[in-house]
Amino acid sequence: MKILILKPGSYSLNFSFYSTSKNRSLLKGKIENYRCSNNDRMTIYDTMEGILRICLEQNRGSIPDAIALYGRYGGELFTEPTPVDEESIERLRDLIPGAPLQIPGLLALIDWCRENLPGTPMVLLFGTSFFTSLSPREKLYGLNPELAESMKLQRSGFHGLFHEDSVKYVLRRRKKELREGTAKTLSICLEPRPELAAVLGKVPQITTSGTTPLEGLPGHTTCGEIDPSIALVLSRKMGWGPEQIDALLTRESGLYGLTGDRVDFDRVFLSGEEDCLLAREVLQYRFLLACGSGVAAMSGVNAIVFSGRYMAAAGVLSQWLLSREFFQRAGETREIDVFYNTTPLEGIIAGKAGVTLLENQPEPLLV
Amino acid sequence: MNIMVMNCGSSSLKYKILSMPDEMEMAGGEAQRVGPKTTEPARIIHRVWGKETTHFTDMADHGEAFREVMNLLKETPELEPDALGHRVVHGGNRFKKETLVDKAKIETLEEISDLAPLHNPPAVSLLKACNRMYPQLPQSAVFDTSFHSTMPEYAYTYALPGSLREGQGIRKYGFHGTSHQFVVEEAARLMNRPMEEMNAVSCHLGSGGASLCAVKDGRSVDNTMGYSPLQGLMMSTRSGDLDPAVVLRLMALHNGDAKAVEKKLNKQSGVLGMSGVSSDIRDVFSLREKKGTDQIKNTASLYLWRIRKYLGAYLTAVGNADAVIFTDTIGETMPLVRQIVCSDMDVFGIRLDAKKNETAELPADLAADDSPVRVFAIRTNEELAIARRTYNLVINLRKGVKA
């Protein structure tokens with residue numbers, strides 16, 4: 001099966017043409033400065049026609065077997081990969097208040113695909129689905145519940161597909177030692193907006209992210225955890241409005257803010273550059289704290305698994321974590337395994353989309 | 001030597017007179033409703049040797065409140081102070097430890113007032129008034145932030161641009177330092193260990209504010225509060241940790257009115273905002289016992305969960321903890337909180353003795369005999385801590401030792 005994977009972001013559209021039989025992307029790319037909303041239909045048309053043209057050229061003129069649409073935010077309404085139909089489109093519309101930029105973009109892409117690739121099955125996958133089972137104590141904020149509910153202010157994880165796949169990866173390798181349901185896994189996803197989840201069995205107990213991926217661990221350009229009053233101080237002292245502060249916290253902070261340079265995790269952890277030293281120390285420490293919270297949440301730890309695109313950094317970070325006194329001591333009484341799940345997001349998406357379509361089609365798609 | 005310790009609230013002035021070095025509390029009280037007139041009359045509740053009296057008098061500001069208190073103290077000559085010790089919430093980067101204050105230092109404190117706009121200005125105004133009225137009395141300022149001045153750079157740094165970190169002093173400062181230091185010193189004394197060798201996590205759980213502090217080799221290495229006291233645990237009316245994007249959404253909701261959001265997050269959130277019934281977590285636990293609503297149950301479980309997560313984080317950061325210490329109103333008086341927070345924490349070497357936790361008199365070691373990490377409940381005494389530091393400063397001043 002060949003699946004066209006579309007991953008719309010705030011400013012770009014990633015696409016991949018993935019062959020499940022070859023387990024790799026036949027081609028992939030990224031459209032920058034992309035605006036995906038109902039007001040930008042011309043942009044979407046141009047962009048998608050370009051992507052489809054490339055796919056057709058690479059696929060000897062045959063259209064994709066399926067389309068997988070990946071969004072970070074699926075709210076509480078999408079707990080698993082979901083085929084696109086009238087009912088799921090309605091549910092998507094209900095999510096607009098919680099993700100006013102992302103959901104209209106997904107709807108516009110669905111419109112385009114229905115018009116231009118009629119009959120091609122589509123699947124929606126969300127980074128938040130894995131976290132819909134989070135307990136209230138983890139997902140709520142210390143805010144008035146009516147206010148939080150009306151503004152959809154609750155915590156979630158956004159790299160659920162990585163974490164879910166990583167936990168399966170760990171369970172496959174530790175099945176002799178770990179009974180399902182009791183394995184205590186710290187899953188660390190090293191993407192430009194990194195995230196840690198503590199997973200008991202297959203159920204997430206904590207996530208470092210919040211209502212958005214801005215909370216938690218610092219990213220390439222995102223600030224991560226800061227005192228909530230800082231945004232207010234910037235408004236009071238500098239006279240900045242919410243949009244200006246948002247731009248600073250999401251695009252000028254994180255590793256960029258700490259180093260003054262556009263660096264990624266691999267460079268920070270591996271280069272040894274003096275300018276990266278503080279960023280590395282801050283990150284290591286934040287990861288250590290997040291691990292400690294996860295261990296407390298699960299009352300223990302059996303395995304740490306890394307996923308995401310920065311595996312070289314993961315190697316250095318894991319060594320540093322395991323050399324900490326706590327992990328040294330914990331490792332004396334119980335073995336803590338470290339795994340590296342190198343499956344790319346496209347592979348995870350394609351696998352899940354394929355399974356979803358097979359499960360939901362009356363006729364088998366593939367023989 | 002009589003030391004008068006003062007703790008300024010926005011509309012109150014709490015005080016205690018302690019005889020030092022024997023650490024005996026002789027008098028104390030609180031001037032209430034300081035400032036503009038309110039529906040109820042301003043008053044001073046004054047206590048001498050345990051006997052309480054109430055005096056009604058208008059007090060336009062903290063200086064006047066101080067003058068009235070001094071007038072009351074003059075009625076009992078042996079109570080007149082020899083030195084004054086002030087609790088000041090924020091010392092910023094300029095004051096890394098307690099100090100005797102003079103006019104220049106008061107000016108410096110004024111310069112950093114915007115770091116704690118709700119807390120520092122009344123303390124500075126009181127320092128000025130005391131300096132004016134009793135210039136002969138040595139005055140110290142003891143900062144909530146100073147114990148945390150030993151935090152390493154990687155712990156106090158936010159991942160923000162250098163222009164904000166260096167230019168605007170935006171970093172983690174930490175608070176409740178006087179209390180954290182006091183109870184860790186007490187724990188060290190109970191364990192017969194030098195403070196310099198103590199590794200611990202101190203849980204200051206007040207009925208209002210609350211924070212955890214990671215201590216390595218007797219020095220603070222992290223605190224859950226940050227640039228302001230808003231960060232960290234959920235508190236009585238403060239939200240604690242929030243996604244910065246949530247703050248921005250609230251600002252947009254209030255048409256960019258940062259003050260309105262500040263009020264919402266500091267005064268109308270936390271236990272009060274979540275439960276909708278009380279800002280006191282004890283009320284919430286009590287309602288939960290009586291089969292409370294989901295709102296009540298969620299408030300109680302979120303409160304405990306945040307403490308537990310931070311406890312795990314700090315125990316991991318400390319690495320080889322000797323003790324976990326619970327203090328202040330909730331930490332001292334709520335065995336249920338200690339029990340839930342410490343349950344199933346064997347991986348960190350914590351085993352609580354259920355019976356001791358319920359019945360022991362403070363200060364107490366509540367850990368099971370075989371627990372590698374000791375668990376203490378210790379009554380905090382910030383006034384005594386301030387008096388001790390003020391006393392040492394004054395003694396050094398008299399000896400000619402430079403601070």
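1. A:Asn23 is exposed, with 12 other C-beta atoms within 10 Å (buried means 20 or more such atoms, exposed 12 or fewer, partly exposed in between, with C-beta atoms placed from the backbone). A:Asn23 sits in the loop between β2 (13-19) and β3 (24-31) of chain A, and its phi is near 55°, a positive value in a residue other than glycine. Helices (H or I, at least four residues) and strands (E, at least two) are DSSP runs, numbered from the N terminus.

2. This is a predicted model, in which local features need pLDDT of at least 70 and side-chain atom pairs count only at pLDDT 80 or more, while totals for chains, interfaces and linings use all residues. Residues are numbered from 1 along each chain as its sequence is written, and chains are lettered from A and ligands numbered from 1 in the order in which they are written.

3. In chain B, B:Asp344 also has a positive phi, near 50°. B:Asp344 lies in the loop between α13 (335-342) and α14 and is partly exposed, with 14 other C-beta atoms within 10 Å.

4. Most residues other than glycine have a negative phi, and most peptide bonds are trans. A cis bond joins B:Met20 and B:Pro21, with omega about 15°; B:Pro21 belongs to the loop between β2 (12-19) and β3 (24-32) of chain B. The bond from B:Leu362 to B:Pro363 is likewise cis, omega being near -5°.

5. Chain B is divided into domain 1 (2-143) and domain 2 (191-382), with bounds from an automatic or database domain assignment. The centres of these domains, taken over C-alpha atoms, are 28 Å apart.
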